[in-house]
Amino acid sequence: MTSAAATTVIRNGTVVDGTGAEPYDADVLVKDGRIEAIGDIGAADEELDATGLCVAPGFIDIHSHSDYVLLVDPRAVSAIHQGVTTEVVGNCGHGCFPIADPALAARAIYGHSDAVPVTWKTADGYFERLEDARPAVNVLSLVPNGQLRLAVVGLEDRPATPEELQRMTRLLEEGLEQGAWGYSTGLEYAQERGATEEELTALAGVAARRGGLYATHTRRRDAGAAEAVEEAVRTSRNAGARLQVSHLIPRSGVDEGRRCLAVLEPALAEGLDVEFDMHTRLYGTTFLQAALPPSVLAEPPERQAVLLRERGTRDAVASYESILSAGRDWSRIVLLDNPVHPQYARRDIASIATERGEQPVDTICELLADALPDPARLMVISHCHTEVQQREAFAHPLCVPGSDATTLAPDGPLAGSTFHGAYTWAAWYLRFTRKERLLSLAEAVRRLTAAPAQRLGLRDRGVLRRGAAADVVVFDADAVTERGTTFEPNQVATGVRDVLVNGVFTLRDGALTGFRAGSVLRRS
């Protein structure tokens, strides 16, 4: 099927329609990019035999960071091979608009490189550039708070002034008017640490008045994580906003995770609209430079090179409570494969420091100084979760899964890039819930489809029904699984045979077709 104009029947499959209803055997007819009928279908222009396979709505990644990489390689290979047809970007306060200073904005854009110059300023400009790239998946975006603050406050670690808050409000309103679906924060990151609860409430209220979602990477995800979730609930309540807590389960153990869940349940009982998502890894992924305080990050590379080798800077790093420094246990932080220090790849910071005869903070500063002017080449993982936490999170009725990653490809311009979860998250989720007997297949699919669609307000995706957009995945429920590992992550998942996006075959018989039919979905 090379366009959405022909009719295609997917015959003899087991329909898992996304609603959570029991699967049933039926044919699915696709016409003009929509689901035309479900039942006993006659002849069509093209037929696809799905005997022994499941036919479901395309999966929706509610927490993606593919904003920029889809401009670099719009094929979305790692996502399509898992049945993902829609990605929600602009999460964790990171994203591609609004832009005041492109060099500064790069600090809140995952996967940023020289491949695609940032020449746009607004949501409109970004969406138009994305449309020109013709992504293989549908894309919708939140307005990222990190870019609001970088555009107005810069990297200063302080609250916004009333005048600055007014400017951020105008930029947020502009993004929402141009089609964004809500507002996100990443309060652990340097560019947002100075944001007060009052500031967040004011901005979340702007999104709420336009029907948008408030998604938050909370202020603390180690000790004190539950108190940070309480702040998110207060912000939601006072702003009148629907709340999505990003990757809720903290890095500080099972008990703290249970306390976080215990904060949400009474909020729901109170009548607040609250849910959460969770990634599928036992570790977090970020940049090593996240260990640095804003005062260092704000400096240009040539000045950073000097500062990173000064004792005063290293003392400041040692006392700085960053996303990486929980308990000052640097054995949890593992440097990934990189071109700067390949001899230290796949090793933890504590052991590298011991070998070098240094304190871990000195090692971090030396490694980052050596990586300038592009310290983003040094990425790390932080071992911080357990399988008990995963089971409790994914069994919870308020939880939907998300990648918390960028979509990638094992070939092409992103071949050398790594982001854990990119190739594995949806396939892992289906395998894990099946193996652990955690959820029924119908419920697992609902949380990948209708649940995130309803959360966002997408009315014509996430379900298989007449008139819905023809985002469809055909997969083997007993065989779908991830192949990527911690240190060999760039391996496509298996078990998904066919994927249609807006009625167009993007994956056929397990191979990419070369057609890209994704849409940039703007909220009206």
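On a 1 Å grid over the protein atoms alone, a pocket is an open set of points where a 1.4 Å probe fits, with protein on both sides within 12 Å along at least five of seven lines, and its lining residues have an atom within 4 Å of a point. Keep that in mind for this tour of a predicted model, where local features need pLDDT of at least 70, side-chain atom pairs count only at pLDDT 80 or more, and totals for chains, interfaces and linings use all residues. Residues are numbered from 1 along each chain as its sequence is written, and side-chain values use heavy atoms, with hydrogens and water left out.

**First stop**

Select His112, Ser113, Asp374, Ala376 and Arg377: of the 50 residues lining the largest pocket, these lie nearest its centre. The space here comes to about 1,300 Å³, a volume being what is filled by probe spheres set on the points, which are joined across faces, edges and corners.

Now colour helix 1 (69-72), helix 3 (102-105) and helix 11 (301-307), the elements that each give two or more residues to this lining. Helices here are DSSP runs (H or I, at least four residues), numbered from the N terminus. Helix 3 has the largest share, three residues.

**Second stop**

Next, pick Thr280, Arg281, Tyr283, Trp428 and Glu482, which lie nearest the centre of the second largest pocket, among its 22 lining residues. Its volume is about 380 Å³.

Which helix gives the most to this lining? Helix 16, with four residues.
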